[in-house]
There are 2 protein chains.
Amino acid sequence: MNSFNFKTYLTSNIALDNDSIDDLMLHCKQQQIYKGDFLLRQGEKCKHSFFVESGLLKQYTIDEKGKEHIIQFAPEKWFISDRESVYFDNPSNYFIQAIEDTKVFVLDELFFQELSLSHPNFLDYNNRLLHNHIRHLQKRITQLLSATAEQRYLDFIQVYPDISLRVPQTMIASYLGITPESLSRVRKELAQQFQK
Amino acid sequence: MNSFNFKTYLTSNIALDNDSIDDLMLHCKQQQIYKGDFLLRQGEKCKHSFFVESGLLKQYTIDEKGKEHIIQFAPEKWFISDRESVYFDNPSNYFIQAIEDTKVFVLDELFFQELSLSHPNFLDYNNRLLHNHIRHLQKRITQLLSATAEQRYLDFIQVYPDISLRVPQTMIASYLGITPESLSRVRKELAQQFQK
């Protein structure tokens, strides 16, 4: 399984000196959780962002009929959080749960804000994270409105290259907003195309 | 028709002194566009954010089959932009077009950034705008994945109280990701419920 050291990730992604990175590390804590464990439950206020060092998380909501809808997967090197709940201090609509045993870095939101004020480089980085998140959400809306099941699946395997091997097909169908039967049909059709 | 003065809006929403507001106004320009005019076309790079003083805009994408999918409406007091395109300097996937004659304030993104650095109050405000945008997008994804046509419509009239009187039903159906027939059925059912 891949594993990414958060400090290495920060060093290569933010133009901060070593002292600042060390300062930053003091305000984060590493946490080991196990398959099935929750980092957030619907109705709770989300207080943190999580960076996945190893393992796999899912963020999902449950509708009135008890059906699960997956909003996001977070494999290695991904951040996951309910930024709305953190920022507006609202109860979250989402669960964040481990699909595999997972090692995360837990980041305090207050620290994000303080570091943004003291380090313009970090401000840029945080700004980039927010815009990247907006890009991702915007693309997902466009897809849910306009893309065929095949287009959605092709995009999915581009965004998450190895996840289709790590989770049950029902979870992928839930993420794509299609039935497991449609997903199965799409996969069969694509396999036939690649064989030609 | 309602109309909102941008300066009044800023004064009541950002804790900035009058001089700073006047500085800000120097970097914006007002623009009058007419029904059917475009502020952005698919493939162009989006360079601005727009604040609607009066009128109504829609942001939409067109799929492979030529079908229009509305991502957002922007009536009075709303901001609209393709933040992804502005920030990452990517060609946009969206059109922004006037549904009614519209008066907008055109805001330069560079100015947003510079003002964020010089005025912490504005930084907070911009940060709030970004998080509000994320909240809105996140809610929309959850709805597209999990809400019934009726729930989507009820939420729509809460977010956009007067738009259902200002646009054709086909546009609302496009925004909700349902067929015009489903929308018509939902409206009929709701009307019957309210009559009881």
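Where is the place of B:Asp89 in chain B? B:Asp89 lies in the loop between α3 and β7 (95–98) of chain B. Helices (H or I, at least four residues) and strands (E, at least two) are DSSP runs, numbered from the N terminus.

This is a predicted model, in which local features need pLDDT of at least 70 and side-chain atom pairs count only at pLDDT 80 or more, while totals for chains, interfaces and linings use all residues. Residues are numbered from 1 along each chain as its sequence is written, and chains are lettered from A and ligands numbered from 1 in the order in which they are written.

Select B:Asp89. Its phi is near 60 degrees, a positive value in a residue other than glycine. Most residues other than glycine have a negative phi. B:Asp89 is exposed, with 11 other C-beta atoms within 10 Å. A residue counts as buried if 20 or more other C-beta atoms lie within 10 Å of its own, as exposed if 12 or fewer do, and as partly exposed in between, with C-beta atoms placed from the backbone.

Next, select A:Asp89, in the loop between α3 (83–88) and β7 (95–98) of chain A. A:Asp89 has a positive phi of about 60 degrees although it is not a glycine, and this residue is exposed, with 11 other C-beta atoms within 10 Å.

A:Asn90 is also placed in the loop between α3 and β7 of chain A. With 13 other C-beta atoms within 10 Å, A:Asn90 is partly exposed. Leaving aside neighbours within four places in sequence, A:Asn90 is in contact (C-beta atoms, placed from the backbone, within 7 Å) with A:Glu84 and A:Ser85.

**Second stop: two packed helices of chain A**

Select helix α6 (residues 149–159) and helix α8 (residues 180–195) of chain A, which pack at an angle of about 75 degrees with their axes 10 Å apart. Axes are lines fitted to C-alpha atoms, for helices over the stretch in contact, and angles run from 0 to 180 degrees between N-to-C directions. The angle makes α6(A) roughly perpendicular to α8(A), a term that covers 65 to 115 degrees. On α6(A), display A:Ala149, A:Glu150 and A:Tyr153; on α8(A), display A:Ser182, A:Leu183, A:Val186 and A:Leu190, for these residues make the contact.

Select A:Leu57 and B:Leu57, which touch the most other members of the 74 residues in the largest nonpolar core. Such a core is a set of buried Ala, Val, Leu, Ile, Met, Phe, Trp, Tyr and Cys residues joined through C-beta atoms within 7 Å. The largest share of this core, five residues, comes from α5(B). Beyond neighbours within four places in sequence, the contacts of A:Leu57 include A:Leu39, A:Val52, A:Ile80 and A:Ile99.

**Last stop: the two chains together**

Show both chains. Here 23 residues of chain B are in contact with 24 residues of chain A. On chain B, β5 (68–74), α3 (83–88) and α5 (120–146) each supply at least two residues of the side that touches chain A, and α5(B) gives the most, with 13 residues.

Methods. Two residues are in contact if their C-beta atoms, placed from the backbone, lie within 7 Å. Angles under 35 degrees count as roughly parallel, over 145 as roughly antiparallel, 65 to 115 as roughly perpendicular and the rest as oblique.
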